[in-house]
Amino acid sequence: MKTPKKLILSNIIFCFLLLQTIQVAAQSTAGTKMEGKITTVKNETLPYANVILFNTSDASMAKGAITDEEGVFVMENIATGNYYVSISVIGFKTYQSEPFMLAPNEKKNFGTIQLEEENIALNAVTVTGKKALIQNKADRVVLNIENSILATGNTALDILNKSPGVSNTNGVLSLVGKTNVLILINGKQTYLSPEQLTTLLESTQSSNIKSIEIMTNPPAKYDAAGNAGIINIIMKKSENEGTNINLNLSYGQGVYRKTNGGIAMNHRNKTVNVFASYDYSDNVNFGTIDIDRFTELSGESLFFTSSSFERYRFKIHNFKIGTDINISPKSTLGFIVSGNYVTGNSKIRARNDIGSQLQQVDSTVIGSTIGRYPNEYLTFNVNYDVKLDTIGSNLNMSYDYTLSNKDESFEFGNRFLDASGTEFRDPNNFRNLTPQDATIHVGKADLSLPLNEKSKLETGLKFSSVETDNILQFDVLEMNGNYVNDATRSNQFVYKEEITAAYVNFNTQFGSYALQAGLRAERTQSNGNSITDGNEVSRTYTNLFPTLSLQKKIDENNSISASYGRRIDRPNYASLNPFVYYIDEYTFRFGNPFLNPQYTDSYTLSYTLKNKYKFDFNYSNTEDVIANIILTDPVTNSISQTDANLNGFQSYSLNVNAPIKIANWWRSYNNFTMFYNQYDSNNIEGAPVQLEQLAWQASSNHTFTIDDRSSAEFRANYISSNVYGVLNLEPFYGIDLGVNRKFLDNNMNVQLSISDILNTWGDRGVFSDQAGSNFDVVRTFDSRVIRLSLTYKFGNVKLKSTNKRGGAQEEKNRLN
């Protein structure tokens with residue numbers, strides 16, 4: 001494979017900056033100091049007041065102190081960075097400073113800070129801290145799902161669909177206008193097909209999610225897949241010592257009902273932590289598809305008008321059980337078994353009117369489809385985490401073994417009527433049996449080495465092996481009522497893939513600058529074998545993926561940064577599978593085993609204003625971009641969907657994140673993204689295609705504090721018309737509202753929410769104009785849902801683990 005000149009230049013610059021940074025970092029020192037005095041408004045000293053220093057980036061605690069008998073506090077040896085101070089003492093209102101920056105060797109004196117008395121009667125005092133719903137960090141946006149009313153009762157997929165900068169079109173997730181988003185669970189790839197990943201996300205309830213991280217230009221420690229970036233879903237893990245149990249129930253009503261429920265249990269002491277959870281959901285949904293299609297082949301025109309209605313029901317069992325054993329104060333060994341079991345079924349009724357002129361029906365095809373979707377997914381994990389020394393060096397190792405099984409089947413029936421409604425040919429009835437087995441092995445080791453208070457080196461190795469065995473059994477129903485196999489349309493496809501990876505990542509601060517530089521190497525071996533027809537495609541390739549980011553603190557409230565990263569997207573397993581899957585008599589899809597991976601170079605310039613408002617400008621260029629295309633068969637007049645490598649894809653985007661405090665009881669988080677996407681292809685059905693459009697999307701989230709036990713949320717989303725591959729996507733929008741009330745000493749929460757109040761989010765339009773064919777598709781689904789949810793926690797829910805500050809926990813916080 002040819003190496004672009006700009007990639008060689010980027011690597012040279014990367015190595016030069018890395019050497020320069022190590023030299024500068026070795027000469028840097030800390031030596032900062034902070035002091036002050038706390039009194040009442042009457043100038044009476046306040047001894048034993050809590051003084052806590054927080055990082056402004058993520059509200060995490062950096063240092064703490066207690067005032068002496070004279071009300072004086074002193075903190076020394078503080079790392080350079082951006083902070084704010086919180087001061088509290090019982091009987092007085094909590095003081096919080098404005099954000100500020102500490103430079104090397106700076107001596108900051110707060111002078112005298114006066115606290116106002118708080119005249120309230122306290123029966124019991126619980127000190128809690130609540131993170132903002134959405135947080136801006138230097139390299140990511142964090143959604144704290146456990147704080148959201150509107151997330152309650154929803155699935156992980158529901159939440160992703162309405163996250164800032166994220167959109168979902170026909171099952172394809174995109175981030176700031178770009179597809180191929182890599183989804184991680186607790187920092188790990190799932191290695192599932194898009195359909196299996198969708199099932200997993202739909203079976204993951206929000207009650208088990210702690211937060212979601214959105215990274216458009218992730219560092220080298222993460223897999224290089226995902227040209228749009230990475231979405232990391234972090235699951236909850238209790239750190240309370242003792243035994244605690246959380247229950248959740250949710251009932252939703254749209255056109256059809258949606259029910260969810262689950263239990264999570266945790267027992268922790270100084271030696272062992274045992275945890276388990278089980279969730280069950282039984283959801284009924286519907287979907288409609290209306291298609292208007294026109295083809296012109298060999299001088300003849302045909303018009304197709306089809307409509308279909310699908311009702312489907314899924315019952316999902318989701319479970320996890322595990323333990324963490326503290327072998328020593330510095331090391332932890334963990335075991336986890338998790339998985340889900342899904343049973344589902346669907347029924348589709350469809351009508352396709354065909355005519356040689358618009359609004360003229362010459363013939364009609366009446367179709368029906370019955371689908372069954374049993375799925376099983378099981379993962380075994382063992383992990384080991386050890387603190388190597390007293391300065392924060394840490395080693396984490398893990399191994400995952402995953403088994404996945406799908407045994408789906410579809411029965412198709414088609415009747416053919418003439419213009420008078422009389423059947424003019426025999427029905428065409430057939431079925432597809434599509435069992436699939438997958439085995440996944442993943443082993444990885446990550447080493448973190450602090451060089452000093454400002455610099456850290458990270459390195460790691462990873463190996464993954466995936467094997468999928470797919471069978472398509474095509475059976476035709478004969479007049480005697482028996483199914484007979486059609487060997488010409490049956491097949492077996494076995495796909496194997498191994499990826500070996502290594503990375504090194506360096507972080508440092510020098511003066512007002514912060515640098516992150518990394519390099520990841522990945523070697524891929526793959527083999528796709530279509531056994532029945534004898535087609536086999538094998539590939540071996542090795543790639544380097546540099547990442548580089550430099551941040552400059554302009555002053556204590558403003559900063560600017562620039563970053564570069566190179567990424568890869570390998571074709572997913574379903575896209576490589578050559579099987580033909582029928583949707584109806586005239587519509588089907590198939591895979592392309594000859595797909596090549598796509599490569600993306602991404603450049604981002606960011607500006608943070610007042611430590612709150614973030615502006616990101618991004619340019620990316622993708623070679624051999626993988627995209628959906630639509631093909632027309634001139635013999636059968638059918639259309640098919642497949643994936644192909646187009647020449648290229650260029651994207652320009654401006655993303656703005658703006659958290660705004662409107663009042664003490666009203667806070668909002670607003671996101672606006674404008675993007676220009678351009679797809680180029682030399683040949684699709686004999687004609688060049690260039691599709692481009694300027695588009696935008698916006699979201700606004702509002703949280704309202706009604707009183708100390710009640711709150712509310714409001715959310716609005718809009719996505720304008722845009723393009724994807726050869727498709728034009730029409731705009732859609734939605735509004736959600738929810739309220740929350742706490743009872744029983746705040747141990748029970750009751751939430752009432754309405755998603756998609758205007759019933760507009762589930763109305764999606766897609767159209768395409770290609771040589772000799774164009775079509776217009778409108779899809780709808782059950783999006784307006786009223787939900788009543790209840791969560792209840794009991795047990796020892798307040799006492800934190802005494803070993804929380806161990807070395808393993810410190811590394812886990814950095815990973816999260």
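The following is a conversation about contacts in a predicted model.

Visitor: What makes a feature count in this model?
Guide: The model is predicted, so local features need pLDDT of at least 70 and side-chain atom pairs count only at pLDDT 80 or more, while totals for chains, interfaces and linings use all residues. Residues are numbered from 1 along each chain as its sequence is written, and side-chain values use heavy atoms, with hydrogens and water left out.

Visitor: Why is the pair of Phe412 and Phe430 called stacked?
Guide: Rings of Phe, Tyr and Trp (its six-membered ring) pair if their centres lie within 6.5 Å; planes under 30 degrees apart count as stacked, over 60 as edge-to-face and the rest as tilted. The centres of Phe412 and Phe430 are 4.8 Å apart and their planes stand at 20 degrees, so the pair is stacked. The structure holds 31 aromatic pairs.

Visitor: Which parts of the chain does this pair tie together?
Guide: Strands (E, at least two residues) and helices (H or I, at least four) are DSSP runs, numbered from the N terminus. Phe412 lies in strand β24 (residues 394-418) and Phe430 in strand β25 (residues 428-450), so the pair ties together parts 18 residues apart in sequence.

Visitor: Is Phe412 buried or exposed?
Guide: Buried means under 20% relative accessible area, exposed over 50%, and partly exposed in between (1.4 Å probe, protein chains only). Phe412 has 6%, so Phe412 is buried. Phe430 has 3%, so Phe430 is buried.

Visitor: Which aromatic cluster holds Phe412 and Phe430?
Guide: One cluster is formed by Tyr312, Phe314, Tyr373, Phe410, Phe412, Phe430 and Phe474.

Visitor: What makes Lys108 a charge over the ring of Phe110?
Guide: A charge sits over a ring if NZ of Lys or CZ of Arg is within 6 Å of the ring centre and within 35 degrees of the ring normal. Lys108 lies over the face of Phe110, at 5.3 Å from the ring centre. The charged end of Arg764 sits over the ring of Trp761, 5.2 Å from its centre.

Visitor: Why do Asp282 and Arg257 count as a salt bridge?
Guide: A salt bridge is a side-chain nitrogen of Lys or Arg within 4 Å of a carboxyl oxygen of Asp or Glu. For Asp282 and Arg257 the distance from N to O is 3.5 Å. By this rule the count comes to 20 salt bridges.

Visitor: How exposed are Asp282 and Arg257?
Guide: Asp282, at 7% relative accessibility, counts as buried. Arg257, with a relative accessible area of 27%, is partly exposed.

Visitor: How do you know that Arg715 and Asp736 form a salt bridge?
Guide: Their closest N and O atoms are 3.0 Å apart. Arg715 lies in strand β41 (residues 710-719) and Asp736 in strand β44 (residues 732-743), so the pair ties together parts 21 residues apart in sequence. Both Arg715 and Asp736 are buried.

Visitor: Which residues do salt bridges that share partners join into one network?
Guide: The network consists of Asp223, Lys462, Arg520, Glu522 and Arg570.

Visitor: What makes β4 and β8 stand at the edges of their sheet?
Guide: Two strands pair if DSSP finds at least two bridges between them. The open sheet has three strands in the order β4-β1-β8, with mixed pairing. β4 (72-78) and β8 (107-115) each have a single partner strand, so one side of each is left without a neighbour in the sheet. Six bridges join β1 (residues 32-40) to β4, and these two run antiparallel.
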